Amino acid sequence: MSPSALVRSWPALAAWGAGLVELGLGAGAIVKGADAADRGIGILLATVGATTLVWGVITLSRGRVAPRSGAAVSLVGIVALAAVMLAGPRQMSIYPVVVSMALALAVGVVSAVALRRDGRGRAHPVARTAARTSVGGLIVGAFLLAGLVTPALAATPIGSDAPGASVNEVFMPGHGH
């Protein structure tokens, strides 16, 4: 299996991870927000998270990256994540924000590379329609993603309040059990 076949599905998986964490952070800002601005940013972030999830589904089902929409989803996600950190609830942890930003940045980088290659008339391996996604790549990517996203979701305000949740003090300072 070639390295490009192994990682072909990873932009979609990164989008799913970023979207899930954005949804968790958005829900936390909506529910735990101190004022209307917090809730407004939460609604924006939840909307961006849902859009990012849809982009990942479309990317995986088509077998190619939609570079313009991928770059837009990535950029809007990063801006919304920065806004939620600047104006968000006091108990907001930086860990899920950093994880989601890193995943959104990965989507943006892949989209930018695909845009650049499209501009030169060459198809990028990730953007090639005829290329099939490998099952092994999906499995490896899912394991890597789960290792990042699961603790990030647990460190969101909503995840830390889930029944039976026990979040490490490193992820949620001042929110220990």
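Mentor: Helices (H or I, at least four residues) and strands (E, at least two) are taken as DSSP runs and numbered from the N terminus. On that basis the protein chain has 7 helices and 0 strands, in the order α-α-α-α-α-α-α from the N terminus on. The model is a predicted one, in which local features need pLDDT of at least 70 and side-chain atom pairs count only at pLDDT 80 or more, while totals for chains, interfaces and linings use all residues. Residues are numbered from 1 along each chain as its sequence is written, and side-chain values rest on heavy atoms, with hydrogens and water left out.

The overall burial comes first. A residue is buried under 20% relative accessible area, exposed over 50% and partly exposed in between, with a 1.4 Å probe and protein chains only. Of the 177 residues in the protein chain, 40% are buried. The accessible surface, computed by the Shrake-Rupley method with a 1.4 Å probe and, for residues, with only the protein chains shown as cover, comes to about 8,700 Å², and 69% of it belongs to carbon and sulfur atoms. A contact means heavy atoms within 4.5 Å. Among contacts between residues at least 6 apart in sequence, 73% join residues at least 24 apart.

What forms the largest nonpolar core? Such a core is a set of buried Ala, Val, Leu, Ile, Met, Phe, Trp, Tyr and Cys residues joined through side-chain atoms within 4.5 Å. The largest has 25 residues, and those with the most contacts inside it are Leu25, Leu45, Trp55, Val84 and Leu103. Two or more residues come from each of H2, H3, helix H4 (67-87), H5 and helix H6 (135-154). H2 gives the most, with 7 residues.

At the start of H3, a side-chain oxygen of Asp35 comes to within 3.2 Å of the backbone nitrogen of Ala37. This is a polar contact, that is, a pair of N or O atoms within 3.5 Å; within protein, one must be able to donate a hydrogen and the other to accept it, and residues adjacent in sequence count only if both atoms are side-chain atoms. After H3 comes Gly63, with a positive phi near 80°. The buried residues of H3 include Gly42, Leu45, Thr52, Trp55 and Gly56. An α-helix has 3.6 residues a turn, so residues three or four places apart point the same way.

Leaving out residues up to four places away in sequence, Trp55 touches Pro11, Ala15, Val65, Ala66, Ser69, Gly70, Val73, Val107 and Ser111. Gly56 is buried at 0% relative accessible area, and with the same exclusion it touches Ala12, Ala15 and Trp16. The C-alpha atoms of Gly56 and Ala14 are 7.8 Å apart, although 42 residues separate them along the chain.

On the H4 side, Gly77 counts as buried because its relative accessibility is 0%. Beyond its neighbours up to four places away, Gly77 touches Glu22 and Val48, and its C-alpha is 8.1 Å from that of Thr52.

Ser100, in helix H5 (residues 94-119), is buried at 0% relative accessibility. The side chain of Ser100 reaches the backbone oxygen of Ala18 at 3.1 Å, and its contacts outside four places in sequence are Ala18, Val21, Glu22 and Leu81. In the loop between H4 and H5, Ser93 is buried at 3%, with its side chain reaching the backbone nitrogen of Tyr95 at 3.2 Å.

Finally, H6 has a kink of about 30° centred on Ala146, where the bend is the angle between axes fitted to the seven residues ending at a residue and the seven starting there. The buried residues of H6 are Gly137, Gly141, Leu145, Val149 and Ala152.
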